[in-house]
Amino acid sequence: MKYSRVHNFINGRFTKSLSSHYLPVISPVDGEPLSEVPLSSAGDLDNAVAAATKAFPGWSATPIKERAQVMYRYRRLLEKNIDKLSALIQEENGKTLSEATAEIEKSIELSEFAAALPQFVTGEVLEVSKGVECKTEHVALGVVASIVPFNFPAMVPNWTIPNAITLGNCMILKPSEKVPLTCGKIAELLKEAGLPDGVFNLVHGDAEIVNHICDHPGIEAVSFVGSTNVAKLVYRRATYNYKRCLALGGAKNHLMVLPDAIPAMTAQNVMASMSGCAGQRCMAASAMVAVGSTDHIIEKICEEARKVIPGENLGAVISKASRDRIEKYITEAEQQGAKILVDGRNARVRGKENGSYVGPTVIDHVKPGMAIAQEELFGPVISIMRADNVDEAIAIENASPYGNAASVYTQNGAMAKYIIARASAGMIGVNVGVPVPREPFSFGGWNESKFGVGDITGKSSIEFWTKLKKSTTKWNMEAGVNWMS
Ligand code: NAD
């Protein structure tokens, strides 16, 4: 085991879990054991909630401009530690070093937005009648929780931590049990940045601790990012307990490629979108609808796919189980008549024979009814469906129960506008394969890709992490003047 056991982080200190149950943490790069993560007990969560509850009055009463100073320092520490953090992400998640570095760069952008929050939450004030003022303020909720997935060990935690705490909340974060190490470093950096003890806490574990979080009476709000099935469970359980909840789920993102798309740029983009982070992104393109005569573009996509080499510019998928699942989908599609143009099955990386790799896979003539066309694979696989016209392509996209992202490749502005208006997804790209909105714009899908109101980042997240206080004040010396006068 390369690293010592993972501990919770409670009240500013790494704290051994009360539980004696641990899970191994395995590197998908080469199958080597990295560490062990505790399956924390309800008692661990109670201790974290108690620490956060104690910290809340002081932290929420600290002026927001002062709270934002912690974010400036945190941002600098992310920059200073970018190499160490990236190496750790690569080890525990399996993505390439440049992808891991991009996660920290995005985390820096997220902390910059949080540092700018004082400019967004000035509230409103108006003299509504003589001597009478109405005022609104954004007020912190209290102790909040964030539950995160394995695919972005730093970026997704940083979707929630900076905004929630800068807005005055105290947080309990539950990292993915598959990649628990990076969050420990984040906790250290927040402390070094001057965050008071108890404002940020880590409690490790799996489904059981998530259920305790949803049930805990001391927690006001729960944000969740993960698969749709679990998002539904968490949303139902947290709201049943009268908590505010925003739960982001899985995705099946469609790229609609029109015959006038620029072939080289489109092919490069499609490949980057489907194979980046080994396809383990909720924004990855995994379905492509080729409209009309697009064979010349599909040929180029295959050329690009052959330049993507596992272990070089393509990272691992999270586990052997995940690799086997992805390969099973490919084999089933083949058996059902789809044509494998580039086959990534049985990929092996020399010297890393125990790693979990799937090569880039391009499958043509997939039918909309096949499982590979409908379900989230979370691997570097693109399923190409053929459509005769744009309306047919839109109908295929609309039929998906998900709705995270959709993109169109065309040089025809009017056609792009037509598709934007009709695609049933929260984030749309035009000649952009991974249409992630950048701060201050917010991130969030539709349909079964998100449960709850608002988005998880950017300006929209302010509504989730705060409640509005409305005050009406009358400073009027004259008698007989009422508030309506
Ligand atoms: P997951 O749903 O398996 O796990 C997410 C979190 O939930 C983890 O912390 C895990 O410990 C916990 N969990 C797992 N099973 C649970 C259960 N039965 N009850 C309660 N909690 C449970 O997701 P994952 O495999 O870690 O991540 C991949 C998924 O996340 C993909 O579906 C991907 O699309 C999605 N994702 C979505 C977004 C988005 O913005 N919509 C972003 C990143 C990832």
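Arg13 lies in strand β2, which covers residues 13–15. Strands here are DSSP runs of E with at least two residues, helices are runs of H or I with at least four, and both are numbered from the N terminus. The structure is a predicted model, in which local features need pLDDT of at least 70, side-chain atom pairs count only at pLDDT 80 or more, and totals for chains, interfaces and linings use all residues. Residues are numbered from 1 along each chain as its sequence is written, and side-chain values use heavy atoms, with hydrogens and water left out.

Arg13 has 48% relative accessibility, so Arg13 counts as partly exposed (between buried, under 20% relative accessible area, and exposed, over 50%; 1.4 Å probe, protein chains only). Leaving aside residues up to four places away in sequence, Arg13 touches Asn8 and Asp197 (contact means heavy atoms within 4.5 Å). Pro263 is 250 residues from Arg13 in sequence, and their C-alpha atoms are 54 Å apart.

Helix α9 spans residues 263–275. Its 13 residues should span 18 Å at 1.5 Å a residue, and its end C-alpha atoms are 18 Å apart, which agrees. The expected span is 1.5 Å times one less than the number of residues. Buried residues of α9 include Thr266, Ala267, Val270 and Met271. Just after α9, Cys277 takes a positive phi of about 55°.

Helices α3 (residues 82–93) and α4 (residues 97–115) have axes that come within 8 Å and cross at roughly 125°. Axes are lines fitted to C-alpha atoms, for helices over the stretch in contact, and angles run from 0 to 180 degrees between N-to-C directions. Among the residues making the contact are Ile82 and Leu85 of α3 and Leu97 and Ala100 of α4.
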